[in-house]
Each structure stands twice: as structure tokens, then as C-alpha cells.
Amino acid sequence: MTLLLLCKNRKCGFRHASELQMDQKSFRTAVIENNSEKCPKCEKYSLYNKQDYFFGFLSSNSQKIGIELGTISSVAG
Ligand SMILES: [Zn+2]
């Protein structure tokens, strides 16, 4: 199963698919700072940093995270 790049909104804690989709290898070296994404729950744009991103996948209900794998931020340092 393909993992999606997800992000967690720091204001409301809602987790959703990122607009930045990339594989884990690319993510390790990617620089993500103050990336603007729209939270589907708040319907507002917020700034996200690399530590707000992680890989996982969405359940059939696209708004709900089924299984979540650990964050990659520790790998990225
Ligand atoms: Zn939100």
C-alpha cells in the first residue's frame, strides 16, 4: 500500500493528506518550512513545518486516519 504524506494541523490537531506528496526518500532530504496548507476541518490556511509531517494512510473515510506509522522527523534530525 502506498503511504501518503500527511500533516497535522497544530491549531486543531486534525490530520490530513498533504498537498506535498513525495516518497519517504525524498522527504528525508526535503526542506519544509512554513509551508501553507489548508486544513480541511478549519478550512483555513496554516503554516506547517517538517515536524508536522508524517507518513501514513487514510481509511476509506478520507477524513480519518486508519493506521498511522511513526513520524520520520527523528530520522531527518
Ligand atoms: Zn484545522
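Five bridges connect strand 3 to strand 4, and the two strands run antiparallel; strands are taken as DSSP runs (E, at least two residues), helices likewise (H or I, at least four residues), and both are numbered from the N terminus. Two strands are treated as paired if DSSP finds at least two bridges between them. Strand 3 covers residues 35-39, and strand 4 covers residues 44-48. Within this pair, asparagine 35 stands opposite tyrosine 48 of strand 4. The hairpin has four residues between the strands, and glutamate 43 takes a positive phi near 60° there.

The structure is a predicted model, in which local features need pLDDT of at least 70 and side-chain atom pairs count only at pLDDT 80 or more, while totals for chains, interfaces and linings use all residues. Residues are numbered from 1 along each chain as its sequence is written. The average pLDDT, the predictor's confidence in each residue on a scale from 0 to 100, is 81 for the chain, and 74% of the residues score at least 70. Over residues 62-77, pLDDT stays under 50. For this segment the model has 26 contacts beyond four places in sequence, a contact being defined by C-beta atoms, placed from the backbone, that lie within 7 Å.

The chain contains two helices and six strands, arranged along the sequence in the pattern β-β-α-β-β-β-β-α. Of its 77 residues, 17% count as buried; a residue is buried if 20 or more other C-beta atoms lie within 10 Å of its own, exposed if 12 or fewer, and partly exposed in between, with C-beta atoms placed from the backbone. Among contacts between residues at least 6 apart in sequence, 44% join residues at least 24 apart.

The largest nonpolar core consists of seven residues: Leu5, Leu6, Cys7, Phe27, Tyr48, Tyr53 and Phe54. Two or more residues of this core come from each of strand 1 (4-8) and strand 5 (53-58), and strand 1 gives the largest share, three residues. Such a core is a set of buried Ala, Val, Leu, Ile, Met, Phe, Trp, Tyr and Cys residues joined through C-beta atoms within 7 Å. Strand 1 is largely enclosed by the rest of the structure, because four of its five residues are buried.

Strand 1 pairs with two other strands, as the bridge assignments show. With strand 5 the pairing is antiparallel over four bridges, and phenylalanine 55 of strand 5 is the bridge partner of leucine 5. With strand 2 (residues 15-17) strand 1 is joined by three bridges, again in the antiparallel sense, and alanine 17 of strand 2 is the bridge partner of leucine 6. Six residues lie between strand 1 and strand 2 in their hairpin, where glycine 13 takes a positive phi near 80°.

Beyond its neighbours within four places in sequence, leucine 5 is in contact with Ser18, Leu20, Gln21, Met22, Phe27, Tyr53 and Phe55. One of these residues, serine 18, is located in the loop between strand 2 and helix 1. With 21 other C-beta atoms within 10 Å, serine 18 is buried. Although serine 18 and leucine 5 are 13 residues apart along the chain, a distance of 5.7 Å separates their C-alpha atoms. When neighbours within four places in sequence are left aside, the contacts of serine 18 are Leu5, Leu6, Cys7, Glu37 and Tyr53.

The loop between helix 1 (24-29) and strand 3 includes asparagine 34 and valine 31. Valine 31 has 8 other C-beta atoms within 10 Å and is therefore exposed. The C-alpha atoms of valine 31 and lysine 50 are separated by 7.1 Å, with the two residues 19 apart along the chain. Asparagine 34 also counts as exposed, with 8 C-beta neighbours inside 10 Å.

Backbone phi values were examined as well. Most residues other than glycine have a negative phi. Asparagine 34 has a positive phi, near 50°, and glutamate 43 likewise has a positive value, near 60°. Glutamate 43 is placed in the loop between strand 3 and strand 4 and, with 7 C-beta neighbours inside 10 Å, counts as exposed.

Note on methods: Contact = placed C-beta atoms within 7 Å.
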